[in-house]
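Me: I would like to go through some terms used for protein structures. Please set each value against its definition.

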Amino acid sequence: MTEFERIYEQYFREVYAFVLSLSRDEKLAEEITQETFFKALKGMDGFKGQCKMSVWLCQIAKNTYFTHHSREKRHATEELQDLPGDIVIEKLMEQKEEAFRVHKALHTLADPYKEVFTLRIFGELSFREISELFGKTESWGRVTYYRAKQKLQDVLKEDGR
C-alpha cells in the first residue's frame, strides 16, 4: 500500500462527512470528496505538515465545494431565459422603429441599470468587463443586467398598451 493509499483509507470518511455536512447531498459529497483526493494527490508537495492532514484535506474539500457551488450558481444565472410572454428586447432592436422604442424606454431607467444594459448590448462587453468598470463582482453585473432587462420589459409593456 502506497503512502497516498494509506492517507485515502484513513481520511476518506472524515472528508466525506465534512463535505456531506456542507452539501447535504450524498452524490455531490462523494464527487467532491473524490475530487479532493485527486487534488491532494496532485498537490502533495504543497503539504508542509504545518497542520493535521485531515485539516489540509478538509480545506481542499471546502474550496472544491465552494468552487463547484459558485460554478453552479453562475451556470444557473446564465440560463435565465425570457419567460413566455416577455418582450424579447434583442429581437426588437433589429427593427428600426422598435429600436427607437427600446432606446426611449432605456432612457427612463435609472443608473446603474441603464449603463449596464447599454454596455452589455451596445458596447458588447462581457459581464467580467462590466463588473471591472464598476468595481463589482461578475455576479453583480449579471444580476444588474437581468434586472435592467426586466425593467425595460415592464416599461415596453406599459408603453405598448
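Me: What makes Lys 136 a charge that sits over the ring of Trp 140?
Reply: A charge sits over a ring if NZ of Lys or CZ of Arg is within 6 Å of the ring centre and within 35 degrees of the ring normal. The charged end of Lys 136 is 5.7 Å from the centre of the Trp 140 ring and counts as sitting over it. Lys 151 likewise lies over the face of Tyr 113, 4.8 Å from the ring centre.

Me: What kind of model is this, and how are residues and side chains treated?
Reply: The model is predicted: local features need pLDDT of at least 70 and side-chain atom pairs count only at pLDDT 80 or more, while totals for chains, interfaces and linings use all residues. Residues are numbered from 1 along each chain as its sequence is written, and side-chain values use heavy atoms, with hydrogens and water left out.

Me: How many aromatic pairs does a search of the whole structure find?
Reply: The search finds 8. One of them is Phe 12 with Tyr 16, whose ring centres are 6.1 Å apart and whose planes are at 10°.

Me: Why is the pair of Phe 12 and Tyr 16 called stacked?
Reply: Rings of Phe, Tyr and Trp (its six-membered ring) pair if their centres lie within 6.5 Å; planes under 30 degrees apart count as stacked, over 60 as edge-to-face and the rest as tilted. With centres 6.1 Å apart and planes at 10°, Phe 12 and Tyr 16 are therefore stacked.

Me: Why are the rings of Tyr 65 and Phe 66 called edge-to-face?
Reply: Their centres are 5.3 Å apart and their planes at 65°, so this pair is edge-to-face.

Me: How do you know whether Tyr 65 is buried or exposed?
Reply: Buried means under 20% relative accessible area, exposed over 50%, and partly exposed in between (1.4 Å probe, protein chains only). Tyr 65 has 9%, so it is buried. Phe 66, at 41%, is partly exposed.

Me: Is Thr 64 buried or exposed?
Reply: Thr 64 has 2% relative accessibility, so it counts as buried.

Me: What makes the approach of Thr 64 and Lys 39 a polar contact?
Reply: A polar contact is a pair of N or O atoms within 3.5 Å; within protein, one must be able to donate a hydrogen and the other to accept it, and residues adjacent in sequence count only if both atoms are side-chain atoms. The side chains of Thr 64 and Lys 39 are joined at 3.2 Å, and the contact is counted as polar.
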